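Hi,

Here is the structure I promised to pass on to you. Have a look at it first, and then read on for what turned up in it.

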Amino acid sequence: MTKIKAVIFDMDGVLIDAKDWHYEALNKALVLFGMEISRYDHLVTFDGLPTKKKLEMLSIERGLPEELHEFINCLKQQYTMEIVHQKCKPKFYHEFALSRLKNSGYKLAVCSNSVRNSVQVMLDKASLLNYMEFFLSNQDVSKGKPDPEMYNNAIERLGLDPKECLIIEDNEHGIAAAKASGANVMEVETVEDVNYLNIHKYINLFEENL
Ligand SMILES: [Mg+2]
């Protein structure tokens, strides 16, 4: 019987409620150049994609000059970190879930489409970094999600079969990447859904159905 041995978390929208932070930070940078992403476009198209990809799409769809990408990206990361330092705080239900899972012997890791520094700082500010074996960012792969590369690498690094891993994801691009890796996927709507009871229930359900 296959047992779940590891839980791999997406970060934004799963462990950290950062969707709005990324949205606000990118718009704060874009608005300097007369451009803005509406909340509707953010929710249906852009959410969950790396900033680089969003900028490429804005160049194709709205003629944002490509020469500005690097500068806007830099500003966006800076603005994101400012917001993170103000708003990123530990959440009891996450710390509780991660410490119980870790104490029960599950290996824990994070795979995020964000840049390495953001992942490091956010997990640290949320007091979650110490529970993780490792984390992978979009700088650790050649293709971010929806490509499964990040999840494939994480599963290999854990030395496990995909079926022994549970991936927790919240959005379309991440769910596509997680499913393509062959792992079990738990889809969540909000960061509050990522609690010990829900994860434990899912693992039991999966193992009973084998
Ligand atoms: Mg996400």
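This is a predicted model: local features need pLDDT of at least 70, side-chain atom pairs count only at pLDDT 80 or more; totals for chains, interfaces and linings use all residues.

The protein chain is divided into domain 1, made of 6-17 + 89-208, and domain 2, which covers 19-87. Taken over C-alpha atoms, the centres of domain 1 and domain 2 are 24 Å apart. Where they meet, 15 residues of domain 1 and ten residues of domain 2 take part in the contact. On the domain 1 side, α6 and α8 each supply at least two residues. The most comes from α6, with four residues.

**The core**

The largest nonpolar core has 54 residues. Those with the most contacts inside it are V7, I8, L15, V110, Y151, I167 and I168. Helix α1 (residues 19-30) provides the largest share of this core, five residues. Where does the core sit relative to the domains? Both domain 1 and domain 2 give residues to it, so it lies between them.

Not counting residues up to four places away in sequence, V110 touches F9, M11, L15, V119, L123, M132 and F135.

**The strands**

Strand β1 (residues 6-9) has A6 and I8 pointing one way and V7 and F9 the other way, and all are buried. β1 pairs with two strands that I looked at. With strand β2 (residues 107-111) it runs parallel, joined by four bridges; with strand β4 (residues 165-169) the pairing is also in the parallel sense, over four bridges. F9, for its part, stands opposite V110 in β2.

Now for β2 itself. K107, A109 and C111 point one way from this strand, whereas L108 and V110 point the other way. Five of the five residues of β2 are buried, so the strand is largely enclosed by the rest of the structure. β2 also pairs with strand β3 (residues 134-136), in the parallel sense and over three bridges. In that pairing, C111 stands opposite L136.

Helix α4 (residues 69-87) has 19 residues and reaches 26 Å from its first C-alpha to its last, close to the 27 Å expected at 1.5 Å a residue. Which residues of α4 are buried? They include I72, K76 and T80. These three cover an arc of only 70° around the axis, which puts them on the same side of α4. An α-helix has 3.6 residues a turn, so residues three or four places apart point the same way. Turned away from the buried side of α4 is a face with the exposed residues E70, F71, C74, Q78 and H85. The cover over the buried residues of α4 includes α1, α3 (51-62) and α6 (116-125).

The twelve residues of α3 should span 16 Å at 1.5 Å a residue, and its end C-alpha atoms are 16 Å apart, which agrees. Its buried residues are T51, K54, L55 and L58. They cover an arc of only 100° around the axis, which puts them on the same side of α3. Those buried residues pack against α1, α2 (39-46) and α4. After α3 comes G63, whose phi is positive, near 75°.

**A loop residue**

Last, take a look at A183, in the loop between α8 (172-180) and β5 (184-187). Is A183 buried or exposed? It has 27 C-beta neighbours inside 10 Å, and since 20 or more make a residue buried, A183 counts as buried. Leaving aside its neighbours within four places in sequence, A183 is in contact with Y151, I155, P162, C165, L166, I167 and A178. From A183 to N195 the distance is twelve residues in sequence and 20 Å in space, C-alpha to C-alpha.

Technical notes: Residues are numbered from 1 along each chain as its sequence is written. A nonpolar core is a set of buried Ala, Val, Leu, Ile, Met, Phe, Trp, Tyr and Cys residues joined through C-beta atoms within 7 Å. A residue is buried if 20 or more other C-beta atoms lie within 10 Å of its own, exposed if 12 or fewer, and partly exposed in between; C-beta atoms are placed from the backbone. Domain bounds come from an automatic or database domain assignment. Two residues are in contact if their C-beta atoms, placed from the backbone, lie within 7 Å. Two strands pair if DSSP finds at least two bridges between them. The expected span of a helix is 1.5 Å times one less than its number of residues. The arc is that of the directions from the helix axis to the C-beta atoms.
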